[in-house]
Amino acid sequence: MDARQVEIGVFAVLLGAMLVLGFAAARWRRPPSLHSLEEWGVGGRAFGNWVTWFLLGGSMYTAYTYIAVPALVYGVGAAGFFAVPFAIMTAPMAYLISTRTWSVSHAHGFVTSAEFTRARFGSRGLAALVAVTGIVATMPYIAVQLVALQAVMKTLGVTGEWPLTVAVLVASFCTFRSGLRAPALLSIAKDVLLLWLVLAIVLLVAMSGGWSAAFRGSGERFTADVSPASGLLLPEGGWLGYLTLVLGSALAIFAYPHALTGILAARDRATVQRNAAALPVYCLALGLVAMLGFFAIGQGVRPVGGDLNTVVPQLFHEVFPAWCAGIAYAAVGVAALIPAAVMSIAAANLFTRSIYREYLRPGASPREEARVSRWVSLLAKFGALVFILLLDPQFSIEFQLIGGVIVLQTVPAVVLGLWTNWFHRWALAAGLLGGLATGLFLLYLVPQRAPDGRIVKAHFGGSNLPLSQLGLDSRSAVYTGLIALAVNLVIVVAATLLLRALRVPAGVDATHPADYHADATTTGPTSTAPRHSDSLLDGPSRPRVGAHAAR
């Protein structure tokens, strides 16, 4: 066999083995029944330290990390590193936000952020708005994963849309059968592959002249580049766009539905805290992988057909032995399918709990809820394909950033609501709609430019708005999501003050202060003794003294 056949063979065998493992996950620590959202959608809320660690890493450090970020660094240089400080910022935020989210959700049996919003602000209409917004925002994020898988196949020379469609279908049926257990189990295998990949990259760089050679080659290329936005350092005025991207992305990540899904699968509050404290470990890998963009420039790698998303797979093809490249392709492929599965589960749970049960079938049984979520999770991945067809940004990372613009508008209700119920429900709804309208309008104003600065598309060209588009004499740009969120918050605060002055009744808050510190042993409306489905890895749980106390 030639090198290409070896690459394809290793990739196909490993990916096939992963998919078989996904199907087998339905029997992994199998509960009496998977026919409820508690079991199918959040794994029975029973994952311990190790399984939660792998699941959170698998769902939050995605193909976005391994394909989109290096592609952006390859294309524009320093600006692509915004993902590293963004990831670092999320660690302390995760510790604060995820523990309160887990506790209140455990106390009331929530499986979605929209359910929390309904209980906190007493409005099922607001909950439906949050649910729809979360579903729509998830579609472009799933699209990033599918684009990454498509890039691997394109590098392998497998053309057409059918391979991607087949892979998505098979992965979808894994999720359909096994629920959250499939991506949880696959995340363990994925991190083994990625650990091997990171070690291989370190050895490769060391044997190829080190990072100094990579930076030297990148500096020469960016010096000759006609694009004013590229370089080893941020361009003039580039700090504002960089800073707003970091801040906006950090705020958005906790509003995404799939982030909540991974958190709620943890068996207790301490598990969430330990994993949040350990998340910075992944930031080391992210920084290393981001620099692959510079390394690819130094190695003279050229993307397949000009598609920058193929830079990393093509790098593997050119510098790794064939068998090694096949393993690397499999690692990236699994890193795309796992988060796509978790995201589709999260979107399905939102639809089932806050739209289907609230408006279409109020008396739906747990079995019916699970069945509806299964089918909606299948549809979610194909909804992501619509974004790939309708939008054609220069970098695939823009899919995630556009999704961030949308999901940021739920922050006042979903994130700030964890600390205060002062906002009026109608004000939150008005702010959300106003922020969405502002965000979409600003996205419409963003042009797409060619490397030489020419405008090749007048509208929907990205997520960073040049201030010159607003009539300002500035070379800076700003992340549209933050502008939209600022408009959202102004509307929320002003409308709340007005509605309270007019004595318009606010919704009844169904949560209590103690709910935000509840633990696995705390008695709640739906609390039960947790079934620790991960005892194979974590060992049997041990009773803890004072487990109900706030940590």
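Let's start at T101, which sits in helix 5, the stretch covering residues 83-108. Keep in mind that you're looking at a predicted model. Is T101 buried or exposed? Its relative accessibility is 12%, and the cut-off for buried is under 20%, so T101 counts as buried. If you skip the neighbours within four places in sequence, T101 is in contact with L260, L264 and L418.

Now zoom out to the whole chain. You'll find 23 helices and four strands in it. The chain has 551 residues, and 61% of them count as buried. Take the contacts between residues at least 6 apart in sequence: 83% of these join residues at least 24 apart. What about the outside? The chain exposes about 21000 Å², with carbon and sulfur atoms supplying 68% of that.

F23, L169 and F173 form a nonpolar patch on the surface, and together they have about 240 Å² of accessible area. F173 belongs to helix 8 (residues 162-178), and it counts as partly exposed because its relative accessible area is 38%.

Next, the cysteines. C283 is buried, at 8% relative accessibility, and C324 is buried too, at 6%. How many disulfides are there? The count comes to zero.

Charged side chains give us more to follow. Side chains of opposite charge can pair when their charged atoms come close. This structure holds 12 salt bridges. In one of them, the side chains of E115 and R353 meet with N to O at 2.7 Å. That pair links distant parts of the chain: E115 is in helix 6 (residues 113-121), R353 is in helix 17 (residues 322-360), and they are 238 residues apart. Both partners are tucked away: E115 counts as buried at 10% relative accessibility, and R353 counts as buried at 9%.

R357 forms a salt bridge with E115, and their closest N and O atoms are 3.9 Å apart. Since R357 lies in helix 17 and E115 in helix 6, this pair ties together parts that are 242 residues apart in sequence. R357, at 28% relative accessibility, counts as partly exposed.

Last stop: R361 and E368. These two form a salt bridge with their closest N and O atoms 2.9 Å apart. R361 is partly exposed, with a relative accessible area of 42%, whereas E368 is buried, at 8%.

How values were computed: Residues are numbered from 1 along each chain as its sequence is written. This is a predicted model: local features need pLDDT of at least 70, side-chain atom pairs count only at pLDDT 80 or more; totals for chains, interfaces and linings use all residues. Side-chain values use heavy atoms; hydrogens and water are left out. Helices (H or I, at least four residues) and strands (E, at least two) are DSSP runs, numbered from the N terminus. Buried means under 20% relative accessible area, exposed over 50%, partly exposed in between (1.4 Å probe, protein chains only). Contact means heavy atoms within 4.5 Å. Accessible areas come from the Shrake-Rupley method with a 1.4 Å probe; for residues, only the protein chains shown count as cover. A disulfide is a pair of cysteine sulfur atoms within 2.5 Å. Patches are made of residues with over 30% relative accessible area and no salt bridge: like charges are joined within 9 Å, nonpolar side chains (Val, Leu, Ile, Met, Phe, Trp, Tyr) within 5 Å. A salt bridge is a side-chain nitrogen of Lys or Arg within 4 Å of a carboxyl oxygen of Asp or Glu.
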